[in-house]
Amino acid sequence: MTIAEVKTFLADLKKDRSPEDAALIEKAYNFAEEAHRGQKRASGDPYFSHCVAVTRLLLEMEMDTATVCAGLLHDILEDTAVTFNLLQGEFPEPIPHLVEGVTKISTIRFRSNMEKQAENLRRMILAMAKDIRVIIIKFCDRLHNMRTLQYLPDQKQLIIARDTLDIYAPLANRLGMMQIRSELEDLAMKYLYPDDYQELFDKTRLRAPKRASLIDRTIKILEREIAKRGIHAMIEGRSKHLYGIFQKMRKQNITFEEVYDFTAIRIITDTLELCYDILGLVHSLWRPIPNRFRDFIALPKENQYQSLHTTVVGLEGEATEIQIRTGEMHRVAEYGVAAHWKYKEGKKGLTDIDLRLQWLRQLIEWLKDIPNPGEFIDALRGDVFADIVFCFTPKGDVVELPKGSTPLDFAYHIHTEIGNLCIGARVNKKYVSLKTPLQSGDVVEIITSNHAHPSRDWLDLVQTSRARNKIKHYLKTKELDQYVRIGRDLLQKALKTKGLSLSHPVFLEKLEGVIKSLRENSLDDLLFEIGFGSASASDIAARFGKLEEKPKRKKGKKSHAPGIILHGLDNALVRYSKCCNPIPGDPIIGFVTRGRGISIHKSSCPALMRQKIENSGDSSRIVQVEWDSENLPKCQVNLRVVARDRTGLLKDLSGTISQIGLNVEESHSRVISHKNQAVFRFVIFIDDTKQLNDLLNRIKNVPGVISISRIVRKQDTQGDEK
Ligand code: MN
């Protein structure tokens, strides 16, 4: 730019602004110009010319001072050595954060799989959520880049044009930024559908003269009639953007010649009443076509678009669309959300926060039902927003939570202390119970009290693992004593049924062994687990009883495990080890225990390996055994099946098991609702590995089954071989 051009540009930027604002703009201009000095664009132009062009677009939309400054500075973090901290030192908020927001969006790479695209769009929305001006700057940036796309290599052109058409243009549409959307679409079409673009471009030009004269004549008549009534209005002819015509042709499967309303006349006047006056006048001049009248003034579109639309049988019998609106409605129609930042208007009915929340809520609503059938949008609708709610703090900050989250999740998301001290919540200024599921767009206010603290039932109210862990942590640390006390009472009672007590010599003698076998550190830990409900007092008490009786009983019985052939040890006491739970068909081995006979392990049993290593060199305790095929025992197996939860699942599983003549001894199931999975445990007696494999294969084929495994009960194996 020449010095004169710079001067004019700066004068335009500063026009109608306070001296402080004007100074800030000049500072931003100089700062950015210096930082980008020496850098060139692909076109060969100085890089800073791009920043100027983007800012010009912002100025056209009459954006506020912060946005204009951020427009000048928008590429400074990405492309120069200037850091965020430096920017914060030089410019007041929100300028540094606006620039940072634009930079963050620029680093999003859209070309990847569908899920990532949806994720990217979500990030874009969150950036917008912080300050929607970020996206306005980004749109201007994208528009200028599209206008200068011819300088980039072909491959890059296509990628950028595709993103523009798939993501930026629909979003601009949703934000009501029609002018930017139309131009983005036309530019993208030029690169993505070059032949169609050229054809339409030529046709509209060829057909233009005839239509132009028709439209000129119509405008003349309107101007004369409106002036007669002393009304002030501006009248213009408008042609639909090419991509709009292209889409209409494709959607309705019609030819160019059949698209009859690609030109329209727009009348912009001063007041709402005058719009209706002019409508009456238009209808008195030409006959309106039935069902083509739309009153978007009384019933604005959801993006706040307002206008009167009518189509009349105009000159030479041509259908002519006429739009009537006020100047302010026109601004909203062209600039959408950006219209709210008009700097010349001192009056602000809404606070910044109100405005932001209002737009965000709408945006979230729109995103839910974007009509575009593209896969991307489907992915967005399905994966991203189905499972997520966006809520807001009273200050307007966005909090993203999984669907089904409650005010407690929200509270813990903000801060652990806020969660721990939470006594209530207000959602959208109304008091609600802590179990109320939050909805997208809710403004959530957490009420705290210094006397409040988490309780156990909170665990059922929360959805996020963060909240759950924080609550558990609190309960564990702060209420440890209480649970230990409860645990002590419970264990005391359970011991009593066995003739024991916490001070009984047998109890004290076995205590250490039991604690070890349960992998606890101390009696208090054990008592806590009982009090908290994660260990059963009677199970624990049984361990003290069992240890006492076990050796006596075993010695006296001297029973053989059936189905095993021992070589040369015919009368030995044999039992199946519980650590690996061998079943007929498994390769097996015998281990001579101290005083408790021979235990049968799978030859691959890890516990056995450990024993071997501990007794290194002493192989005399290992004996060869084999299955007695004449006399096989029924063996108990424990199966764990994970499946997608659905109705009839348990029925199908048990049906499959009984199909091969097996009975279920025991079954447990639980549902992991956040994964939509069900986990089953079956205890079944089977004959041999062949039968087991057959069963496993059949279960695998039950629809919905994700995995199936054989399990051994861990705690029972502990201390088994002592
Ligand atoms: Mn840029």
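The protein contains 29 helices and 21 strands. Helices (H or I, at least four residues) and strands (E, at least two) are DSSP runs, numbered from the N terminus. The model is predicted: local features need pLDDT of at least 70, side-chain atom pairs count only at pLDDT 80 or more, and totals for chains, interfaces and linings use all residues. Residues are numbered from 1 along each chain as its sequence is written, and side-chain values use heavy atoms, with hydrogens and water left out. Of the 722 residues in the protein, 48% are buried; buried means under 20% relative accessible area, exposed over 50%, and partly exposed in between (1.4 Å probe, protein chains only). Among contacts in the protein with a separation of 6 or more, 67% are between residues 24 or more positions apart, where contact means heavy atoms within 4.5 Å.

A manganese ion is coordinated by His 50 (NE2), His 74 (NE2), Asp 75 (OD) and Asp 141 (OD), at 2.1 to 2.3 Å. Donors are N, O and S atoms within 2.8 Å of the metal (3.2 Å for Na, K and Ca); water is not among the atoms, so sites may look incomplete. The spacing of the donor residues in sequence is H-x23-H-D-x65-D. The pair His 50 and His 74, 24 residues apart, links distant parts of the chain. His 50 lies in helix α3 (residues 48-60), and His 74 in the loop between α4 (65-72) and α5 (76-79). Both histidines, His 50 and His 74, are buried.

Helix α4 packs against α2 and α3. The axes of α2 (residues 19-36) and α4 come within 8 Å and cross at roughly 10 degrees. Axes are lines fitted to C-alpha atoms, for helices over the stretch in contact, and angles run from 0 to 180 degrees between N-to-C directions. The crossing angle makes α2 roughly parallel to α4; angles under 35 degrees count as roughly parallel, over 145 as roughly antiparallel, 65 to 115 as roughly perpendicular and the rest as oblique. On the α2 side the contact is made by Asp 21, Leu 24, Ile 25, Ala 28, Tyr 29 and Ala 32, and on the α4 side by Thr 65, Val 68, Cys 69 and Leu 72. These residues of the contact of α2 with α4 divide into 8 nonpolar, 1 polar and 1 charged. Here Ala, Val, Leu, Ile, Met, Phe, Trp, Tyr, Cys and Pro count as nonpolar, Asp, Glu, Lys and Arg as charged, and the others, Gly among them, as polar.

The axes of α3 and α4 are 8 Å apart, at an angle of about 160 degrees. The two helices α3 and α4 are therefore roughly antiparallel. Their contact is made by Phe 48, Cys 51, Thr 55 and Leu 58 of α3 with Thr 67, Val 68, Gly 71 and Leu 72 of α4. The residues of the contact of α3 with α4 comprise 5 nonpolar, 3 polar and no charged.

Helix α24 (residues 523-532) is largely enclosed by the rest of the structure, as 7 of its 10 residues are buried. The buried residues in α24 are Leu 526, Leu 527, Phe 528, Glu 529, Ile 530, Gly 531 and Phe 532. Just after α24, Gly 533 takes a positive phi of about 100 degrees. Phe 544, in helix α25 (residues 537-557), is buried, with a relative accessible area of 0%. Not counting residues up to four places away in sequence, Phe 544 touches Leu 495, Leu 500, Phe 507, Lys 510, Leu 511 and Val 514.

Several loops carry backbone or contact features. Most residues other than glycine have a negative phi, and most peptide bonds are trans. A cis peptide bond, with omega of about 10 degrees, joins Glu 93 and Pro 94; Pro 94 lies in the loop between α6 (84-90) and α7 (95-106). Asn 291, not a glycine, has a positive phi of about 65 degrees. Asn 291 is in the loop between β3 (287-288) and β4 (294-295) and is exposed, with a relative accessible area of 79%. Asn 428 has a positive phi of about 50 degrees, lies in the loop between β9 (422-427) and β10 (430-432), and is partly exposed at 33% relative accessibility.
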